[in-house]
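Good morning, and thank you for coming. I would ask you to keep the structure in view while I speak.

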Amino acid sequence: MATAAAPTQLEAELYYLIARFLQSGPCKKSAQVLVEELEEHQLIPRRLDWQGKEHRRSFEDLVAVNAHIPPDYLLRICERLGPLLDKEIPQSVLGVQTLLGVGRQSLLRAAKDFRHTLWKGSAFAALHRGRPPELPVNYGKPPNVVNIISARQLTGYGRFSHLFPTSTYQHMKMHKRILGHLSSVYCIAFDRSGRRIFTGSDDCLVKIWATDDGRLLSTLRGHSAEISDMAVNYENTLLAAGSCDKVVRVWCLRTCAPVAVLQGHSASITSIQFSPARKGTTRYLTSTGADGTICFWQWHANTMKFKDRPVKFAERSRPGVQISCSSFSSGGMFIATGSTDHVIRIYYLGSESPEKMAELESHTDKVVAVQFCNNGDSLRFVSGSRDGTARIWHYQQQDWKSVVLDMATKMTGNNVASGEDKVTKLKVTMVAWDRYDATVITAVNNFLLKVWNSSTGQLLHSLSGHDDEVFVLEAHPFDQRIVLSAGHDGNIFVWDIDKGTKIRNYFNMIEGQGHGAVFDCKFSPDGQHFACTDSHGHLLLFGFGCNKYYEKIPDQMFFHTDYRPLIRDANNYVLDEQTQQAPHLMPPPFLVDVDGNPHPTRFQRLVPGRENCKDEQLIPQLGYVANGDGEVVEQVIGQQTNDQDESILDGMIRELQREQDLRLINEGETLPNPPLNRSHSVNGALRSPGLDVTSPPNVGLRRSGQIEGVRQMHHNAPRSQMATERDLMAWSRRVVVNELPPGISKVQEECRAAKGEIEINLYTVEKKRKPSHTLQRNDYQPGSGRSLRRNQRKRQHAYQTRSTIEHSQQGASRNARAREESDSSSEEDETVGTSDASMDDPVAAWQSESSSSDSSSEYSDWTADAGINLQPPKRQTRQAARKICSSSEDENMKGTKGLEPKRRKLKQPRKKKPSGLLSMEGEPSEEWLAPQWILDTIPRRSPFVPQMGDEIIYFRQGHEAYVRAVRKAKIYSINMQKQPWNKMELREQEFVKTVGIKYEVGPPTLCCLKLAFLDPITGKMTGESFSIKG
């Protein structure tokens, strides 16, 4: 046999790696034969000595020399080739690892092998099953738009992805960056027409901007703390803003007049949502707060009047719990909330009043984001938590079932080290759906975006590009391929989630100040614009087309009245301190920059109401004021009031109005509209009695060490021009934000109503279907949803807790004192765990507690030492939901009626009465009164009251003695076959953990516990459990 030709160095090393790979596997005989042949044919690399002469060596010598090469080295090389090649030339089916692929799956593929022949125009005109053809994946650049339009003219059909390829979004550019606030801007929203933009800032202001040219149209004043959330109603008539001052303010968008000041929370507002649902003329606005409550504010669609008292649910399972996020379904019949106690709560609006239907406890850390799907064909929503998972929830067979999205999941076949290893504990920061609900996008604290299939939970793409956490995910209003993301790194990305690629990137670099973190971002309803806000008080406007209209506006836009002090009345309505007028009735202000300097006259005409003014009317009067540093600067002070120029008629009208207000005040009547009525004269100056003069706090200065002149403009400034009655009539006719056209509004309303009916039908159908697994009454599933269906609800108790009795006896003086302290108290000083339907109604407050019947408050003996008085959880009934809004004294007296009967002791002997359930006085008989142990509101060491998570020792002998005593006294029937020692082997003592608690209301009232076994060594649950009752 002839000797083979000398192999190359690469071939010899490959032979060696193959032999090593065979040696590490089951084919050891093959490896031995291969080694012998390598030595026989001299295919082993030769050794060189110091003189450069070659010498033969054995296979064992080569292994000893290359001890750093592991046996599976060849396999590792093959595993690395695929991902490295995918970065240069992606394969057609991502994630498939094969060495035997062909075409685009081949490891020998090259870019030139995948050039596709361009289609002719006739190819686009062909229809496949009535639809235009789908382009091949490797078609390359987008097709010619002329061919696409010509084909659509011939066939009448065209694919949106062909007509509008994602590359078109590369033409969106930043039109303008406007400085309009002195602090960070966390909230932005478009109106329903897309022609107006609203920004809410930490400087306590809400501003209205024009989308098409960037003009500042109006400033909404009234809040005294940072704006936390905003919402526009679906009729485009109202704007609601929530703030850290615990108040929700609602303005009319047409006139900017205040519509309502809603005060139902005792801590900061965390989210605001208008319900899409329609029930005749009844609408709902929901607000959630850091006090752990959600309020449903009812308002009338025609009159736009809000009810004073909301339907309120207090959801504090333990002190400090906050509701952090909320989301309505597309039809408005469901709203989901996420809170810091790891629980997702779902409320149903399809009945007479809002009611809680389920609590989902699958997450193990704070729930930071929830989002319902965009379409009403299924009841689905996604939740994101700081436990590193997101869940896609779907209502099926009487239960909410979830698909888990684990943020630790990596793309299949991607073993290349990436940014996913930057953070040890992964957390979800934001979630979103695409427009058609086919995919879910999650933002993770390792700066990656992950795209998931919403049906299967499969990871489709992992998008990298951000350098800091992402808190903004915004789906395009109608293009399911496009998603916008923005983060604290100042980057704004436009993504194609179909292909998992980046389309466009913007970086918010501020000259001289570094980059500005982007806090919020929204698409306009028509998809032609999107707007962002940042940490420096800027509004960023993006869109298609040219920006010539935006070049006509200044870079800094403030009104000279933005930061003037306000006077607040008892209802928290505000007046401008200097003019004594409601802010929306003041004359058109002057436009100034951040230092308070007036802009030229050409910019002053941008202010609504000054478009047609003469030049001399656009030049503001200037005054000299101190800026706080001892310097005197020139600033706008507004036009002086000239009483002589006022007409006699205007003076008479004003005097008549003043006399009418005085007469109403003397008669003890309340003014019909506080912000519209001016107060009476004291010493020649307009002042309101009992009004507090307050100014927005100097929160979050935009630049350290610098005092903005616009904030100091109210110091030593003379009185501004006051509006006459003719001015008021003229300004009442002005329109800041137009309503939707009647035709469009009607179609959208009918669409929302149809979605709501579909949701009710889906809920009704699924509620009637049998669950996939039957549950016993005493079983409890940790991590599953606790459904609060009507047929499982218990009867409302007739007794009251000790804390409620004591609270009722305090009287109205304590309520008045609580109301005065509510505004000044901090969140840490609140009394938690209670639900206050109103401060004047302690009984209704007790009845409106909305914790579920089988939940348990997490209090212990430590809280008693700290002086915290926690109430046990109470059941929610439909009757209680109706009583939430009541405030009459009759109901207060009705609620205290049940305090008369004496409570019996725990071990009092039971005597059966031949009479009915009620005693002679009409009160509940003694049998139906709850025992003392369940009425206690202060934790005690004895007797033992079980709590969720208690680790205890179970004594079998004591349980057997208890069962014998109950059977002997015939207190209640006991099935001996269901006792745990008859169903499993129990030791005399068992270490157990309380994982389920249920109460059976008597007579007698019993506590049912589900106890899980604990390993005595590790202390972990073994998975087995049993139930006891006593």
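I shall go through a helix, a histidine in a loop, some strands and a nonpolar core.

Please note that this is a predicted model, in which local features need pLDDT of at least 70 and side-chain atom pairs count only at pLDDT 80 or more, while totals for chains, interfaces and linings use all residues. Residues are numbered from 1 along each chain as its sequence is written, and side-chain values use heavy atoms, with hydrogens and water left out.

Helices (H or I, at least four residues) and strands (E, at least two) are DSSP runs, numbered from the N terminus. Let us begin with helix α4, residues 73–88. Buried means under 20% relative accessible area, with a 1.4 Å probe and protein chains only. In α4, the buried residues are Leu74, Gly82, Pro83 and Leu85, and they pack against α1 (9–23), where contact means heavy atoms within 4.5 Å.

Next, the histidine. His181 sits in the loop between β3 (173–179) and β4 (185–190). His181 counts as buried because its relative accessibility is 2%. Its side chain makes a polar contact with that of Asp203, at 3.2 Å; such a contact is a pair of N or O atoms within 3.5 Å, one able to donate a hydrogen and the other to accept it, and residues adjacent in sequence count only if both atoms are side-chain atoms.

I turn to the strands. Strand β15 (residues 311–314) is covered on both faces: Val311 and Phe313 are buried on one side, Lys312 and Ala314 on the other. Four bridges join β15 to the antiparallel strand β14 (residues 293–300), and Thr293 has Ala314 as its bridge partner.

Finally, which residues touch the most other members of the largest nonpolar core? Among its 20 residues, they are Phe334, Ile346, Met357, Leu360, Phe381, Trp400 and Tyr763. Such a core is a set of buried Ala, Val, Leu, Ile, Met, Phe, Trp, Tyr and Cys residues joined through side-chain atoms within 4.5 Å. Leaving aside neighbours within four places in sequence, Trp400 is in contact with residues including Ile346, Met357, Leu360, Phe381 and Trp393. In soluble globular proteins, nonpolar side chains tend to be buried together.

Conventions:
Buried means under 20% relative accessible area, exposed over 50%, partly exposed in between (1.4 Å probe, protein chains only). Two strands pair if DSSP finds at least two bridges between them.
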